[in-house]
Amino acid sequence: MGISFMEMARFDESKHPARDFIEMCNASIGINYAQIDDSFGRGMIEANRDGEPHGLYSKDFELWVGEEDSKMLGFVSLVKKRGGSSKIKALIVNPEARGKGVGSTLYQFAMKQLESSGARKVYGTDAFIDYSTIKYDMLKGGFEVEGSLREPYKEGIQEIILGR
């Protein structure tokens, strides 16, 4: 059964509980990355509010939340880079909402946002291809595997780079 309605909104610390967001990050990203702790989720919240402090190649960072009835179903972060490219940095679905089309909806939203901003190239890495439906959406949407890295963040975990 899919979601009935999912609203997209920029992450807002006064509306979206930071603890829920951080726990979603830890549960999903920690699977493929060693040394993930609360600082990762906090860092994303801070980058959304203040910009990426060490993003020398980044122009803008946006954190978008998909929600239904004020409950966070998932999120997608977008980084607009210098040179006209953009990265889907993370696309995470709340474990309770998996299998309901949330990831596909977040991906479609991300692509519309990046295309409307004039992105010359869009790419992403393994943080959002852990789930076969997202990978399928990307390949169906014209993405190609452009490369891979062996174990960059965790032993035994390969990072795949997809771009279009």
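**Exercise 1. The sheet**

In what order do the seven strands of the open sheet stand? Work out the order, the edges and the pairing.

Solution. The model is a predicted one, in which local features need pLDDT of at least 70, side-chain atom pairs count only at pLDDT 80 or more, and totals for chains, interfaces and linings use all residues. Residues are numbered from 1 along each chain as its sequence is written, and side-chain values use heavy atoms, with hydrogens and water left out.

Step 1. Helices (H or I, at least four residues) and strands (E, at least two) are DSSP runs numbered from the N terminus. Two strands pair if DSSP finds at least two bridges between them.

Step 2. Read the order: S1-S2-S3-S4-S5-S7-S6, with mixed pairing.

Step 3. Find the edges. Strand S1 (7–10) and strand S6 (144–149) each have a single partner strand, so one side of each is left without a neighbour in the sheet.

Step 4. Assign the sense of the pairs. S1 and S2 are antiparallel over four bridges, with Glu-67 in S2 as the bridge partner of Glu-7. S2 and S3 are also antiparallel, over 10 bridges, and here Phe-61 stands opposite Val-79 in S3. S4 and S5 run parallel and are joined by four bridges. S5 (residues 121–124) and S7 (residues 159–163) run antiparallel with two bridges; Tyr-123 has Gly-163 in S7 as its bridge partner.

**Exercise 2. Val-122**

Is Val-122 buried or exposed?

Solution. Step 1. Apply the cut-offs: buried is under 20% relative accessible area, exposed is over 50%, and partly exposed lies in between (1.4 Å probe, protein chains only). Val-122 has a relative accessible area of 4%, so it is buried.

Step 1. Val-122 lies in strand S5. The covered face of S5 holds Val-122 and Gly-124, while Lys-121 and Tyr-123 are on the uncovered one. Ser-86 stands opposite Val-122.

Step 2. Not counting residues up to four places away in sequence, Val-122 touches Ser-86, Ile-88, Met-111, Leu-114, Phe-143, Leu-162, Gly-163 and Arg-164. Val-122 and Arg-164 are 42 residues apart along the chain, yet their C-alpha atoms are separated by 5.6 Å.

**Exercise 3. Positive phi in loops**

Which residue of the hairpin of S2 and S3 takes a positive phi near 50 degrees? Then examine Ser-70 and Glu-151.

Solution. Step 1. Most residues other than glycine have a negative phi.

Step 1. The hairpin of S2 and S3 has two residues between the strands, and Asp-69 is the one with phi near 50 degrees. Ser-70 is in the loop between S2 and S3 and has a positive phi near 65 degrees. With a relative accessible area of 65%, Ser-70 is exposed.

Step 2. Glu-151 is in the loop between S6 and S7, with a positive phi near 50 degrees. Its relative accessible area is 44%, so Glu-151 is partly exposed.

**Exercise 4. The largest pocket**

What is the volume of the largest pocket, and which element gives the largest share of its lining?

Solution. Step 1. On a 1 Å grid over the protein atoms alone, a pocket is an open set of points where a 1.4 Å probe fits, with protein on both sides within 12 Å along at least five of seven lines; lining residues have an atom within 4 Å of a point. Grid points are joined across faces, edges and corners, and a volume is the space filled by probe spheres set on the points.

Step 1. The volume is about 570 Å³. Of the 24 lining residues, the closest to the centre are Phe-40, Met-44, Glu-52, Lys-87 and Lys-89.

Step 2. Helix H2 (38–50), strand S3 (71–81) and strand S4 (85–93) each give two or more residues to the lining. H2 has the largest share, seven residues.

Key: Contact means heavy atoms within 4.5 Å.
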